[in-house]
Amino acid sequence: QTKFGTEGDSVNDAEFQDVCDLIVGKAMEGYVRSEYGNLWETHQCRPHAYGHTWCPGYELPAGMLHGQAVGTDMGFGAYLSYVEGWVSQEEMHRVLKNISDCELSLYHPI
């Protein structure tokens, strides 16, 4: 585990900390740029956000809580990635276990 510059010798490495700040800053800038027109989340069409690919089409009609819908979306994405050969079966199961460990749904009878 890297702890991303929060433990060990890297904490006192100013150059490394600057790189970490740059990475986090660029990620936040990209997120805000993507979400700028939807700051109040008036719509859920957010394909750049993991777990928000398919669930906007079924979350409300199915009466699901947002986190549960996102969990099923992430699980389906992991399964589809396995079927397409983009991730191994082990990686797919790791994702599914993480979702399950967070007590999010992997299935809903919609």
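How many residues does helix α4 have, and how far does helix α4 reach from its first C-alpha to its last? Helix α4 (residues 89-101) has 13 residues and reaches 18 Å, close to the 18 Å expected at 1.5 Å a residue; that span is 1.5 Å times one less than the number of residues, and helices are DSSP runs of H or I, at least four residues, numbered from the N terminus. You are looking at a predicted model, where local features need pLDDT of at least 70 and side-chain atom pairs pLDDT 80 or more, while totals for chains, interfaces and linings use all residues. Residues are numbered from 1 along each chain as its sequence is written, and side-chain values use heavy atoms, leaving out hydrogens and water.

Stay with α4 for a moment. M92, L96 and I99 are buried there (under 20% relative accessible area; exposed is over 50%, partly exposed in between, with a 1.4 Å probe and protein chains only). They cover an arc of only 60° around the axis, so they sit on the same side of α4; the arc is taken from the directions from the helix axis to the C-beta atoms. The face turned away from that buried side carries the exposed residues E90 and R94.

What covers the buried residues of α4 includes α3, so let us go there next. D73 is found in helix α3 (residues 66-83) and is buried, at 2% relative accessible area. A polar atom of the D73 side chain lies 2.6 Å from the backbone nitrogen of W54. Beyond its neighbours within four places in sequence, D73 is in contact (heavy atoms within 4.5 Å) with residues including G51, W54 and Y58.

Terms used. Helices (H or I, at least four residues) and strands (E, at least two) are DSSP runs, numbered from the N terminus. A polar contact is a pair of N or O atoms within 3.5 Å; within protein, one must be able to donate a hydrogen and the other to accept it, and residues adjacent in sequence count only if both atoms are side-chain atoms.
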